[in-house]
Amino acid sequence: MKCYSCGNSAVIYRKYEGRAWCKNHFSKQLESKVKVTIRKNNLIEKGDKICVALSGGKDSCLVLYLMDKFFGKRPDIEVLALSIDEGIKGYRDESIKKARELCKKIGIPLHLHSFEGEFGKTMDNIVKKDARACTYCGVFRRFVINKKARELGATKLATGHNLDDEIQSVFINNLKGDINRLMRLGPRPIVTKKKFVTRIKPLRDVPERETALYDMINGIDYHDSRCPNAEDSIRFDVRKFINVMEEKYPGTKHIAIKHFDTILPALRKHFSDTGKVKECSNCGEPTSRNLCKVCELLDNIKY
Amino acid sequence: MQITLKLDGKAKKIKSKAKTIEELLKERGVCTESVLVRKNSKFVPAEDKIKEKDEIEIIKITSSG
């Protein structure tokens with residue numbers, strides 16, 4: 001197949017738009033798409049200190065690479081990276097290696113923190129006491145990322161969530177009937193209390209396979225491995241289902257996310273009183289409960 | 001038609017009736033949305049045609065979950 005723009009050999013055919021693109025035009029297209037997402041939703045403003053949550057995987061590496069490419073030379077914007085070592089031997093140590101290499105290559109400072117440093121426990125210790133690895137890991141990681149980003153003075157916390165992640169979350173929260181979590185999704189960040197750093201998702205309009213392709217053809221070396229503790233959760237079934245639907249009915253992911261964005265303001269208006277942010281009675285970190293989930297989980301594994 | 005199929009780092013020679021990579025993926029029950037493909041070491045759209053002795057590499061996209 002030939003590139004729609006220049007006639008060179010294509011690297012991808014986007015069924016959802018009916019066009020094939022070569023390496024150069026695909027890369028330019030993806031960059032433009034991310035710029036539009038940022039501009040349309042005012043994700044980044046003058047004076048921002050952007051902290052990229054960097055796992056070393058394909059999506060977070062791409063976010064860091066693009067933030068540096070778009071804003072690295074701007075004197076009024078600062079970009080830095082934050083990695084969390086959960087303590088999963090043979091997995092996270094390898095991905096942090098990739099994170100370090102990328103930061104060194106593009107000259108971005110990497111701030112590294114660990115569960116061991118924060119909680120005195122690694123995930124390898126925790127899974128021996130409780131099999132719900134993903135529950136602990138997800139809650140603890142979000143806690144440390146927010147706390148450390150705030151301590152670094154970040155005004156925005158950029159994550160690698162792509163179009164597939166976002167539409168999967170919409171489906172999952174609908175299937176679980178979780179309105180509060182559903183309302184927290186969306187293209188524009190919800191600005192909450194001062195202890196929460198505003199989260200942004202610059203890759204929200206980019207399909208997952210395109211983030212991987214961009215990395216591979218642009219020499220972004222990322223860690224490509226599944227966490228050994230990963231459970232076959234509802235997300236894996238939803239992912240499979242949505243991919244089959246996209247294959248059969250191209251454009252499904254884009255249509256579904258557009259539809260969600262259309263009804264989101266009405267949802268937020270109707271359910272605006274839910275999910276008020278308080279401070280945890282034990283650690284003082286932001287939470288919707290009296291005792292935050294982190295303190296509750298730490299109590300489960302204190303022996 | 002005989003081609004070389006590379007999957008999970010292992011290459012093997014297979015016989016296939018598929019005329020395109022997309023048909024080959026269908027034959028093997030692989031969803032095009034969850035993979036990228038290389039033909040003779042170059043990334044190509046899954047809709048590309050296949051000919052005798054081509055080397056097709058299927059790259060599974062890992063999701064963090």
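Student: How many bridges join strand E6 (residues 156-158) of chain A to E7(A)?

Tutor: The model is predicted, so to speak of it with care, local features need pLDDT of at least 70 and side-chain atom pairs count only at pLDDT 80 or more, while totals for chains, interfaces and linings use all residues. Residues are numbered from 1 along each chain as its sequence is written, and chains are lettered from A and ligands numbered from 1 in the order in which they are written. Helices (H or I, at least four residues) and strands (E, at least two) are DSSP runs numbered from the N terminus, and two strands pair if DSSP finds at least two bridges between them. In this pair Lys156(A) stands opposite Thr198(A), and the number of bridges that join the parallel strands E6(A) and E7(A) is three.

Student: Which strands of chain A stand at the edges of the open sheet of five strands?

Tutor: The pairing in this sheet is parallel, and the order of its strands is E5-E4-E3-E6-E7 (chain A). A strand at the edge has a single partner strand, so one side of it is left without a neighbour in the sheet. Those with this position are strand E5 (110-114) and strand E7 (198-200) of chain A.

Student: Across which strands does H2(A) lie?

Tutor: The directions here come from axes, which are lines fitted to C-alpha atoms, for helices over the stretch in contact, with angles from 0 to 180 degrees between N-to-C directions. Two residues are in contact if their C-beta atoms, placed from the backbone, lie within 7 Å. H2(A) runs at about 160° to E3(A), and the strands that H2(A) lies across are strand E3 (49-53), strand E4 (78-85) and E6 of chain A.

Student: What angle does the direction of helix H3 (residues 92-106) of chain A make with that of E4(A)?

Tutor: Helix H3 of chain A packs on the sheet, where it touches E4 and E5 of chain A. Its direction and that of E4(A) make an angle of about 165°.

Student: How many residues of H9(A) are buried?

Tutor: A residue is buried if 20 or more other C-beta atoms lie within 10 Å of its own, exposed if 12 or fewer, and partly exposed in between, with C-beta atoms placed from the backbone. In H9(A) the buried residues include Glu208(A), Leu213(A) and Tyr214(A). They pack against elements of both chains, among them E1 and helix H1 (23-40) of chain A and strand E3 (35-39) of chain B. H9(A) is mostly covered, and of its 10 residues the number buried is seven.

Student: Which element supplies the largest share of the side of chain A that touches chain B?

Tutor: The contact takes 25 residues from chain A and 15 residues from chain B. Strand E1 (12-14), helix H9 (208-217) and helix H10 (234-248) of chain A each supply at least two residues of the chain A side. The largest share is seven residues, and the element that supplies it is H10(A).

Student: What pattern does chain B follow along the sequence?

Tutor: Chain B has one helix and five strands. Read along the sequence, these elements follow the pattern β-β-α-β-β-β.

Student: Which strands stand at the edges of the open sheet of five strands in chain B?

Tutor: This sheet has mixed pairing, and its order is E2-E1-E5-E3-E4 (chain B). Each edge strand has a single partner strand, so one side of each is left without a neighbour in the sheet. The edge strands are strand E2 (10-15) and E4 of chain B.

Student: Which residue in E5(B) is the bridge partner of Arg38(B)?

Tutor: E3(B) and E5(B) pair in the antiparallel sense over five bridges, whereas strand E1 (residues 2-7) and strand E5 (residues 55-60) of chain B pair in the parallel sense over four bridges. In E5(B), the bridge partner of Arg38(B) is Glu57(B).
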